[in-house]
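This briefing looks at side-chain contacts that join separate parts of a chain. Please keep the sequence and the model in view while reading.

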Amino acid sequence: MFGNISVTESVSGLTLATGDYYSFIHGTPWSPAAGTYNIDVWATNINGATDMDTSNDMASGSVTVFANGDIKRPMLESFTSSTCGPCVAGNQNTSAVLAGYGDDQYSMVKYQMSWPGSGDPYYTAEGGDRRAYYNVNAVPDFILDGNVWQGNSSSVTASQIDAIMVNPAFVSLSSYHVANGQTVDFTVTINPLGDFTGPLTLYSAVFEYMTYNNVGSNGETQFSKVMKKMVPSSTGFSLGSLTDGQTVVENFSHTFAGSYRLPSDANSPNSLST
């Protein structure tokens, strides 16, 4: 049922046993305007007779139609560690796959973990929070676009990333940052291409393009896009509802306190406040 319109499709010539499934494409095209619609689908006149149990006949759902879309830029999150042997192959595979894309086609951040063994000295409690958020219990672990795919980074393929990129995005995000000493100031501009009901959460992170001081036991000597600070915190920043065409601008700042010190190991991580 499209809005207040009911369209009937006749299906015949089927032989279905109890519990069988049958998929079909409705023959009447639907070209809705932008908006949110309730869709109801139900069956009647089964085998030319009245259904004996009409309580389970209807399936319902909601569909949102957007007037505009943007090019999808997947978010890639990698959980790894410099004391993790299998992480070497995982990072190598990821680098090989991403070599086929421009830097402006994806966003990526890596969380160095506190295990195995002494873990990675660039581990932070906020990295642990992200691990808990995704229920990561082993490394390497890779998250594609928040919830599309999660698995070993050695299994990441270009086809998986391509499958995400072909879908449009309905929120356009951009950011600009300035680093001055130990302070990073940045602005995030949110341009919604549809209406989104809050509460929503904006996550942002300061990461280092290449680190060398967290060498562990797995043979790796450099580590890219390492998360140093979630801003304002690992729980993100709370947003209200977003309205189509109404741009939202949020300003953030973080000052890394004190002097740089490498912790002895990940079991005693540095305090982000000192």
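**Salt bridges, rings and cores**

Both Glu-77 and Arg-130 are buried, where buried means under 20% relative accessible area, exposed over 50% and partly exposed in between, with a 1.4 Å probe and protein chains only. The model is a predicted one, in which local features need pLDDT of at least 70 and side-chain atom pairs count only at pLDDT 80 or more, while totals for chains, interfaces and linings use all residues. Residues are numbered from 1 along each chain as its sequence is written, and side-chain values use heavy atoms, with hydrogens and water left out.

**Salt bridges**

- Glu-77 forms a salt bridge with Arg-130, with the closest N and O atoms 2.9 Å apart; the term stands for a side-chain nitrogen of Lys or Arg within 4 Å of a carboxyl oxygen of Asp or Glu.
- This pair links distant parts of the chain, since Glu-77 belongs to strand E3 and Arg-130 to helix H2 (residues 125–133), 53 residues apart; helices (H or I, at least four residues) and strands (E, at least two) are DSSP runs numbered from the N terminus.
- By the salt-bridge rule the count comes to four.
- Another salt bridge joins Asp-145 to Lys-72, whose closest N and O atoms are 3.2 Å apart.
- Asp-145 lies in the loop between strands E5 (141–144) and E6 (149–151) and Lys-72 in the loop between strands E2 (58–65) and E3 (75–80), so this pair ties together parts that are 73 residues apart in sequence.
- Asp-145 counts as buried because its relative accessibility is 17%.
- The side chains of Lys-228 and Glu-208 also meet in a salt bridge, at 2.4 Å from N to O.
- Because Lys-228 lies in strand E11 (residues 223–230) and Glu-208 in strand E10 (residues 205–211), the pair ties together parts that are 20 residues apart in sequence.
- Glu-208, at 30% relative accessibility, counts as partly exposed.

**Strands E10 and E11**

- E10 and E11 pair in the antiparallel sense over six bridges, where pairing requires that DSSP finds at least two bridges between two strands.
- Within this arrangement Ala-205 stands opposite Met-230 in E11.
- E11 is mostly covered, with six of its eight residues buried.

**Aromatic rings**

- A search of the whole structure finds eleven aromatic pairs; rings of Phe, Tyr and Trp (its six-membered ring) pair if their centres lie within 6.5 Å, and planes under 30 degrees apart count as stacked, over 60 as edge-to-face and the rest as tilted.
- One of these pairs is stacked, with Phe-66 and Phe-170 at 3.8 Å centre to centre and 10° between the planes.
- Ring pairs also link Phe-79, Tyr-111, Tyr-133, Tyr-134 and Tyr-203 into a cluster.
- Arg-130 lies over the face of Tyr-133, at 4.9 Å from the ring centre, and over that of Tyr-203, at 4.7 Å; the rule asks for NZ of Lys or CZ of Arg within 6 Å of the ring centre and within 35 degrees of the ring normal.

**Nonpolar cores**

- The largest nonpolar core has 14 residues, and those with the most contacts inside it are Phe-79, Tyr-111, Met-113, Tyr-134, Val-139 and Met-227; such a core is a set of buried Ala, Val, Leu, Ile, Met, Phe, Trp, Tyr and Cys residues joined through side-chain atoms within 4.5 Å.
- Strand E4 (107–112) and E11 each supply at least two residues of this core.
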